Amino acid sequence: MTSSYRLPSQPFEDFTKSLIDSLRNIKNVIVVLSGKGGVGKSFIAASLAISFKLMGRDVAVLDADFHGPSIPWILGIEDRYPGVTIDGKIVPVDVEGISVISIELMLDDRKNPIIWRGPMKSKAILELISKTFWGSKDYLVVDLPPGTGDEPLTIAQYLRVKPIASILVLTPGAMVKHIVEKAKQFLNLLNIPFIGTVINMSYYRCPQCRTVTRILGSVDIDPREVLVEIPLDPQLSQVIERGTLLSFIKNNENETATILRNLGRIVEDRLKNLNLRV
Ligand SMILES: Nc1ncnc2c1ncn2[C@@H]1O[C@H](COP(=O)(O)OP(=O)(O)OP(=O)(O)O)[C@@H](O)[C@H]1O
Ligand SMILES: [Mg+2]
């Protein structure tokens with residue numbers, strides 16, 4: 001099983017300079033992280049980018065997750081390929097004005113999994129970032145690999161060449177306190193400001209009687225840290241699977257779409273309150 005993407009050639013230490021150069025016209029980096037997998041991190045990263053775009057911001061998304069590179073699928077661009085500039089820079093795939101880069105989009109064969117080891121994956125992501133023509137962007141939203149291990153750490157560490165902040169995605173459940181603790185340690189270690197938490201699959205609202213049920217349990221965290229609570233919504237899983245999240249958020253007035261549409265505004269307000277550059 002091989003992948004068509006060339007192995008990274010640059011030595012690790014060299015990335016700072018090329019990242020500063022490549023990201024020079026990006027104002028803010030927002031990393032989306034989660035303490036564990038499958039909580040909706042990629043969906044939130046994509047939704048945040050869509051929400052920013054609908055606010056009129058210039059936005060790019062980087063899918064830095066090798067094993068579950070779901071951003072292209074969520075945005076319905078899994079069959080597209082990035083372009084290339086005359087001087088050999090990678091041009092992101094455009095989705096209604098959102099620039100998207102993912103290792104997945106670089107592959108000829110998208111059926112086989114990538115089997116590189118941790119350090120190779122981090123290097124490949126860093127090389128991909130440094131060889132991309134990002135253009136001028138207000139925000140680069142980064143879907144980090146799940147967890148708080150070596151890979152997300154290395155990538156986040158290098159992205160600190162820009163003003164950077166972070167969003168944590170959680171689902172309710174017994175492990176929440178532990179996950180939040182670990183994520184905060186991770187952010188402290190890297191000195192990355194924390195914007196707040198998105199609680200995904202927070203509740204289910206019965207479409208008939210409108211009663212709210214907290215199916216997955218409660219979340220015992222400081223309410224001031226919560227950015228939004230997103231319902232467990234069967235329509236949403238279909239939308240995500242079909243790659244139609246953008247038109248769902250843009251064209252619907254229902255509860256879930258409205259919450260997601262407001263996400264960018266909430267994040268931007270928090271950034272201003274934290275005195276971070278917007
Ligand atoms: N609020 C929601 N309601 C219903 N389904 C959801 C919701 N949020 C996410 N999902 C579904 O949960 C699954 C996981 O979402 P997603 O891929 O965004 O998670 P992730 O944290 O990025 O996972 P990974 O750790 O594998 O990268 C998807 O199939 C998505 O359709
Ligand atoms: Mg994901």
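## Basis

Residues are numbered from 1 along each chain as its sequence is written, and chains are lettered from A and ligands numbered from 1 in the order in which they are written. Because the model is predicted, local features need pLDDT of at least 70 and side-chain atom pairs count only at pLDDT 80 or more, while totals for chains, interfaces and linings use all residues, and side-chain values use heavy atoms, with hydrogens and water left out.

## Helices α2 and α10

Helix α2 (residues 41-54) packs against helix α10 (residues 255-273) at an angle of about 80°, the axes lying 7 Å apart, which makes α2 roughly perpendicular to α10 (65 to 115 degrees). Contact (heavy atoms within 4.5 Å) involves residues including F43, F52, L263 and V267.

## Ligand 1

Among the 19 residues around ligand 1 (a heavy atom within 4 Å), G38, K41, S42, N200 and P231 come nearest. A polar backbone atom of G40 lies 2.9 Å from an oxygen atom of ligand 1, and for F43 a polar backbone atom is likewise 2.9 Å from a ligand 1 oxygen atom.

How values were computed
Axes are lines fitted to C-alpha atoms, for helices over the stretch in contact, and angles run from 0 to 180 degrees between N-to-C directions. Helices (H or I, at least four residues) and strands (E, at least two) are DSSP runs, numbered from the N terminus. Angles under 35 degrees count as roughly parallel, over 145 as roughly antiparallel, 65 to 115 as roughly perpendicular and the rest as oblique. A polar contact is a pair of N or O atoms within 3.5 Å; within protein, one must be able to donate a hydrogen and the other to accept it, and residues adjacent in sequence count only if both atoms are side-chain atoms.
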